[in-house]
Each structure stands twice: as C-alpha cells, then as structure tokens.
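Colleague: I would like to go through this structure with you, term by term. Please set each value against its definition before you conclude anything.

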Amino acid sequence: MLIKRPDPIPILPSEITDAGVHARRRDFLRLSIGAGLVAAAGQPLLPARAQPPSGERLSIASRTDYAAMEKPSDLEDVATYGNYIEFSFDKETAMGLANRRLRVRPWTVRIEGLVRQPRTLAIEDLLRLAPLEERVYRHRCVEGWSMVIPWVGFPLSVLLRQAEPLGSAKYVELVTATQPDTMPNLRSRQVEWPYLEGLRLDEAMHPLTLAAVGMYGQTLPGANGAPLRLVVPWKYGYKGAKSVQVIRLVEREPQTFWNKAQPEEYGFYANVNPDVDHPRWSQARERRIGEFFKRKTLPFNGYADQVAQLYAGMDLRKHY
Amino acid sequence: MGRFDAVTDRQLAGLKTVLFLLALVPAGRLAWGAWQGTLGANPIEAVTRGLGDWTLNFVVLTLCVTPLRKATGWVWLTRLRRMLGLFAFFHATLHVTSYVWFDQFFDWGEIARDILKRPFITAGFAAFAIMALLAATSSNAMVRRLGGRRWRDLHRSIYALALIGVVHYAWMVKKDITLPAAYGAAIAFLLGLRAWWRWQERQRQLAGAYLKKPKGKVIPIAIKR
Ligand code: HEM
C-alpha cells in the first residue's frame, strides 16, 4: 500500500482540516485523560438506586456463611444484573422483564426418570419440604463477574430423596420453564430451547448443592429464577438452572443448553477454574460487583476443600 | 444550486464547533453516569462497552462522509471528516485505556498474553493500531510529507479497520450477534458503494470516455501559480 508513486492528484483544500481543529487535537488528549480520571474516581461508582422487587418473607431455620464473612452484594444488583436469556440476550432487559413478567403460580416441580417414586410437588409444598436454610455463597459467572449472595433453600439431595433414585441413575437433568407469552426471547432461533442443565448425581447430592427458593430472606425475584432454582456454588453461574420445572434422573450425561450452543466454550462440568481459560477471555480473575479492580479467582470458587475430591483423577482441562 | 452547496469558512467553523461539542456528549454521559452511579451493577463494563460502541459509531460516521457528499453535492462535508475520524480515535483510546486500567490494571505481561491468545482482543488491538497510525498521519504536515496519493492509500485502511472492528465485536459477544451483524451490514454497504463507484469509473474508462471530445466550446483558462 505504501509504494512510492508519482503524485499526480493534489489534495483538495476541502480535504484538509483547518489548523483550528488540528490544534484542538491536543484537547482530545486532555479530555481523554480527564474522562479517565472521572471514571477512575471509584467511590461514586457505587450506585444508590431504586428499591428491589420485594418478595414474601421466608421463615429461616438456620444461617451459615460460606463466603468467609464477605459482605453480601446489594440486593438491587443481584436482582437486576445477570442473565435470564429466555427473556432477552441483554442482561438489563432480561432481568427487568423477568422481574415483571415471570408467572410463578401455579407451579409444580416434577421429579421423574430413574426413580422409584416419581413425584409432582406444588411449590407450596416445596416451601414446607424441609427447614429453610440461609447460606451465603460466592457466585461466579463464566463472563468474569461475581457476587456474594445469601440464598435461602434446602439441599437438593432432600428433594431428590423424595423420589428415591434408582441405582441406575447416574446424572440429573433439569428442565426449566418456557412461557412463550412472558418470555419474548424464546422466539430466537440462535439457540435451542428449553434451557437445560445437568449434574452428575454425586454433584447433585453434594451437601453444598442447593435448591433455592429465596434470597435475602425473601422469595426469589423472577430474574433470579423464581420460584425454585439450582445453586451450585463451585460452578459457573450458568449451571444454576432457573425456574426449574422438571428434575429427571438419567443414566447418561444429559445435554445442556450452553454446551449445545457453544461446546468449545461451555463445558458440562463448568467448575470454576482460574487455570482453564474461556477461549475468548481469561478466567484467572473476576470483578466482584461493587468493587473497582478485579480480584483473583479461586479454584472451585473457593470450595475446593469440600468438592475437589469429586473430581479426583479427572483431567479438568478436558472436562471443563 | 441548493441552499447548502456552499458554506462560508465562518459557517463551517460554527458547524465544526457544534459537531465537536455533540461528539463529546456520549463520553460525557458515560462519565456523568459513572459519577452518579446510574450505569447499573457493573459500571466499568458499561463504560468499556459504551466507549467501544462509540468508537465503532464514529468509524461508521466517518465512512458516511463521502457517500453523503456524493449524494448531496455538498463538497464541504469532507472538511468534517478528519474531526469524525479523530473522534473515533478518541473513543478508541478511552476504550483501550479502560481495558488496560480497569480490566488489567497495567499488567503489561497479561495484556500481551491477551493480545496473542484471545482472538477478539487481537482483532481489537489490530484495529486500534491502524487507527493510531491514521491519527498520527492526520495532520496537514503529514499529508504533505507522505504525498497526496500515498496519504490517501494509507487512509483507505479505515476500510480494513472498520471490518476488523466488527469482527472484534462479533467475537466478543456470548451468543447474540444481532448488533455486530447490523454494524457489519452497514459497513459492508458503505464499502460496497465505494467498490461500485470504482467499477463505474472503470467502465467509463474502458468505454474510452476520456478520449471523446467534450461537447461544446472549449474555453482556455490560465492557471496562476
Ligand atoms: C487494543 C485494542 C482494544 C482492546 C484491548 C479492546 C477490548 C475490548 C473489551 C475487553 C471489550 C469487552 C468489554 C466488556 O465486555 O467488558 C470490548 C468491546 C468492544 N469493543 Fe473493543 N477493544 C479494543 C479496540 C477496539 C476498537 C478499535 C473498536 C472499534 C473499532 C472496538 C469496539 C468495541 C465494541 C463495539 C465492543 C462491544 C461493546 C458492546 O458490547 O456494546 N474495540 N473491547
């Protein structure tokens, strides 16, 4: 492109910016720096915004902190920042729509597949199934942000035992709600609905794996997966299926939504792992919502002591 | 003769001032939003993304100048082009600064790894490098130094830059490529126009148009040097 050639075409005066604008280029620089400083001023970045959607108060039997005394994130942030892609690919749109539109009554959860006792439980009964625990967990999204959330719920194992899984059951498949009238993005053909998730049975039965019905002492907002969702704190957030309707015990590894959509980017296991990068970004660090700079991501999101043995002998680079 | 076919230097200066101030609005709004805490739960992401969007917007605006000029006959539009291009660079600089500062905190080793390992960052970096080169050669002095044709050929790399910018965007998104595709379509259209003009020009030349005698009487004019 830069071959020297004779120069028969003169530049027209109209193609040349006058000296005034040219001199003002210095101002661009000054402005760049100025705007950078404003954005860097940290403190005012912590927002004071509207009231979060309020649910019903839940009566909680016990409280346990699994987040090393870290302060929980603002409820407002948790209820407005996240993904619920049945509503929209855009976070803010999705969370707003889900909070306003998701229909959560009547609601039943069916446990089926390789079980002795298939069960269909109404949400009212699920809320009374076991004493409700509050558990403060770290939450790490595959996109590189994280939060600290006080969930309310009970171990998923309590629910699974209701149906008495058979010995042949090796995996759990979760099917989540599809409400065409409330969820506009179900029309998108870029992905395959419904949103499916899955766990190995031992992961599903692990005491840290929670069936959550609330957060911050109240029933879940629509955006956070009302009325019942999965919380698996050592895995990336997308494993936490929202608004669960069917829990199916199966023999083979089930297909999952993100894995089908982009298999080389989103694995079945999805354990939080700072050493295994997402193909398009590093997972070594994360931005805790409400904090300014990124912090280091912990293996298994800091729950390695409790869960690492589940994966003994597995190559976690292959089973990402 | 239309009303806007010719503008005086004073009018143009006024127009440029207005455009200059308008072009500062997006970054100003982001800075204000960050200050007021109205950018949502992840304001840093909102700032980086907003600046990325506006970089691409200004690239597209810059590419619109020549087609608009041809459509309207307003030759003076070209005199706004450099400012638009420099504003694209202004937003790109802030966008990259936001990444270097808030995402990586000046960890140059990590940044170098990112550029080498992550295709979407590689693309962004390539687009930014081209942009920096164009900004650095945007002055009148550089036009003179490079010579008009070489300068013009160099600055045609905005075509490549625009496409690489879209690829950067498309590779960044999680799944939904609607917006990157829309930008891609707009840029493809603007570049397509240029290809079409060239083709037309070529056809004219092949038809030997320049050999035909012009109609009417030729008036000899003297050019004062
Ligand atoms: C060294 C150069 C660059 C780097 C390191 C870089 C980095 C990034 C990063 C990290 C993001 C994602 C932000 C987030 O999700 O938090 C992003 C988004 C983006 N960048 Fe760049 N970028 C560069 C140059 C450019 C250039 C030159 C353009 C335009 C021509 C551009 C346009 C965009 C756009 C449009 C987005 C998406 C914004 C959105 O999601 O709405 N970037 N860039």
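Modeller: I start with the largest nonpolar core, which has 85 residues; W151(A), W234(A) and I247(A) touch the most other members. In chain A, strand β5 (residues 145-155) gives the most to this core, with six residues. The model is predicted: local features need pLDDT of at least 70, side-chain atom pairs count only at pLDDT 80 or more, and totals for chains, interfaces and linings use all residues. Residues are numbered from 1 along each chain as its sequence is written, chains are lettered from A and ligands numbered from 1 in the order in which they are written, and side-chain values use heavy atoms, with hydrogens and water left out.

Colleague: What makes a set of residues a nonpolar core?

Modeller: The members must be buried Ala, Val, Leu, Ile, Met, Phe, Trp, Tyr or Cys residues, joined through side-chain atoms within 4.5 Å. Buried means under 20% relative accessible area, exposed over 50%, and partly exposed in between, with a 1.4 Å probe and protein chains only. In soluble globular proteins, nonpolar side chains tend to be buried together.

Colleague: Which residues is W151(A) in contact with, leaving aside its neighbours within four places in sequence?

Modeller: Contact means heavy atoms within 4.5 Å. By that rule the partners of W151(A), beyond four places in sequence, include E133(A), R135(A), Y137(A), H139(A), L210(A), M215(A) and V231(A).

Colleague: Why is A304(A) called partly exposed?

Modeller: A304(A) has 25% relative accessibility, so it counts as partly exposed. The residue is found in helix α9 (residues 304-307) of chain A. Helices here are DSSP runs of H or I with at least four residues, strands are runs of E with at least two, and both are numbered from the N terminus. The C-alpha atom of A304(A) is separated by 7.8 Å from that of W234(A), 70 residues apart along the chain.

Colleague: Is Y216(A) buried or exposed, and why?

Modeller: Y216(A) counts as buried, because its relative accessibility is 18%. Its place is the loop between β8 (210-215) and β9 of chain A. Y216(A) has a positive phi of about 50° although it is not a glycine.

Colleague: Why is A270(A) called buried?

Modeller: The relative accessible area of A270(A) is 2%, so A270(A) is buried. A270(A), also not a glycine, has a positive phi of about 55°. It lies in the loop between α8 (257-261) and β12 (285-288) of chain A. Most residues other than glycine have a negative phi, and most peptide bonds are trans.

Colleague: Which peptide bond is cis, with omega near -5°?

Modeller: That is the bond from A226(A) to P227(A). P227(A) lies in the loop between β9 (218-219) and β10 (229-231) of chain A. A cis peptide bond also joins W193(A) and P194(A), with omega about 0°. P194(A) is in the loop between β6 (171-176) and β7 (196-200).

Colleague: Which residues come nearest to the ligand?

Modeller: R49(B), D53(B), H95(B), G124(B) and H168(B) come nearest, of the 20 residues around the ligand. A residue is near if one of its heavy atoms lies within 4 Å. In this shell α3(B) gives the most, with seven residues.

Colleague: What makes a pair of atoms a polar contact?

Modeller: The pair must be N or O atoms within 3.5 Å; within protein, one must be able to donate a hydrogen and the other to accept it, and residues adjacent in sequence count only if both atoms are side-chain atoms. For R49(B), a polar side-chain atom lies 2.7 Å from an oxygen atom of the ligand. An N or O atom in the side chain of H95(B) is 2.7 Å from a nitrogen atom of the ligand. For H168(B), the separation between a polar side-chain atom and a ligand nitrogen atom is 2.8 Å.

Colleague: How many helices and strands does chain B have?

Modeller: Chain B has ten helices and zero strands, whereas chain A has nine helices and 13 strands. Buried residues make up 47% of the 225 residues in chain B; for the 320 residues of chain A the share is 52%.
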